[in-house]
Amino acid sequence: MLDTQARGFEKALGVLLRANDTTDAAVVRAVTKIIAAVREKGDAAVLQYTARFDRLKAKSVADLELPKERLQEALNRLRREGGAKTTLRTFDGSDSVDALKKAAERIRLYAEKQKLENSFLPPDEYGNQMGQKVQPLDRAGLYVPGGKAAYPSSVLMNAIPAKVAGVGELIMTVPAPGGELNDWVLAAAAIAGVDRVFMVGGAQAVAALAYGTETIPAVDKITGPGNIYVATAKRLVYGQVGIDMIAGPSEIVVVCDGKTDPDWIAMDLFSQAEHGEDSQAILISPDADFIKQVSASIQKLLPTLERKTIVAAAMRNCGALIRVRDMGEAFELVNRLAPEHLELSLDNPRQWLDKVRHAGAIFLGRYTAEALGDYCAGPNHVLPTSRSARFASPLGVYDFQKRSSIIECSPVGASKLGETASTLARGEGLTAHARSAEYRIKNSEQ
């Protein structure tokens, strides 16, 4: 528990702000070595690292590629054998597949509204016309993590915007430790229309997508979350390919006026804390009594969680319940934190929306749980973390499109613009620029 008026608050806040620093020199050295090996040895290095890290041996990388029939088999098996069993409800196979398809449709509908189109400005007074040409990427790579949890939702959130954008080919890599694959992930790939899937994970997958091997084609952009090795690899290959962002641990900040059920707030905090021991969950409220109620709810509900050990570590290491003087100070703090997820569990939450300058996704009202955005609301759940919401945005269709500017000058327009360009170019000492423009100046004696 923290209080903005207490001595030592700024120091404690500084610890929170640094909690998600993902830079690690030893990891950078290890990943650099892996990338260099994949660039030099191609398939051979991919096979070596896949056998070493995922305990999956294959004679060739081609053997690590899953046929599309395998994806459809996973979809059929999920429908036939049933879905996930939870403490709250058991979903039969039909419900499981239906949930994936409903989520996919909502994500697709939202993505369709983001699509950029070709556009032109009206001609200016000299007949010059400016515009832009929008084109999809030729090929994109999607990294899907394995490990502590399987994320079919990440497949949908990354693949569907790429498909809506019109990407020519979508290559997915997914680690398969010991040869194990998750049917939910493969079913989501089938629904989303992924073109090719390779059972390759880690930094070696990122390197293969970035530089290409004899079997895995090089892509133009890599998206998708992963562990610190994957995030570091994406950082190191940026420039060779585009990337979505450097994803750090999950984050949630909840701003509450004290009128929401404290159990709801506690579980909302847990919803991100269960991603990993380094996930960050923060409550901000001006109501000290309510903060105590949420603390009690945390203690009460934590033992009921399947992932209670992970959640407890995350809350202990990176969590906070912060009392502020008022709502004005609450939003000042929100903007300093620039969280990945921001819940405004308030009366009339829209009246506070203008106060938010930095957040990846904003959830308005007491009934809008962050978890709905993770799965099926429609907007993308791939969001900026580690305070990068100060300058970055959620993944969207526009991340899989590129724009070319278009300039078309009339003879008169070229002459008029040439006069300005010549003056500026000569001021910079770039005379070839100036003379190129001057050739088009009407009645020029240059």
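Analyst: One cut-off comes up below: a residue is buried when its relative accessible area is under 20%. Note also that this is a predicted model.

User: How many salt bridges does the structure hold?

Analyst: Side chains of opposite charge can pair when their charged atoms come close. In this predicted model, the count of such salt bridges is 17.

User: Is Asp183 buried or exposed?

Analyst: Asp183 pairs with Arg77 in a salt bridge, with the closest N and O atoms 2.7 Å apart. Arg77 sits in helix α4 and Asp183 in helix α7, 106 residues apart. The relative accessibility of Asp183 is 19%. Buried means under 20%, so Asp183 counts as buried.

User: Which residue forms a salt bridge with Glu169?

Analyst: The N to O distance in this salt bridge is 2.8 Å. Glu169 lies in strand β6, and its partner lies in strand β5, 30 residues apart.

User: What is the relative accessibility of Glu438?

Analyst: Glu438 forms a salt bridge with Arg426, at 2.9 Å between the closest N and O atoms. Glu438 is in helix α16 and Arg426 in helix α15, so the pair ties together parts 12 residues apart in sequence. Arg426 is partly exposed at 41%. Glu438 counts as buried, at 4%.

User: Which residues are linked with Asp257 in a network of salt bridges?

Analyst: Asp257 belongs to a network of salt bridges. The residues linked with Asp257 there are Lys259, Asp347 and Arg366.

Methods: Residues numbered from 1 in each chain as written. Predicted model: local features only at pLDDT ≥ 70, side-chain atom pairs only at ≥ 80, totals over all residues. Heavy atoms only, no water. Salt bridge = Lys/Arg side-chain N within 4 Å of Asp/Glu carboxyl O. Helix = DSSP H or I, 4+ residues; strand = E, 2+ residues; numbered from the N terminus. Buried < 20%, exposed > 50% of the residue type's maximum accessible area, 1.4 Å probe, protein only.
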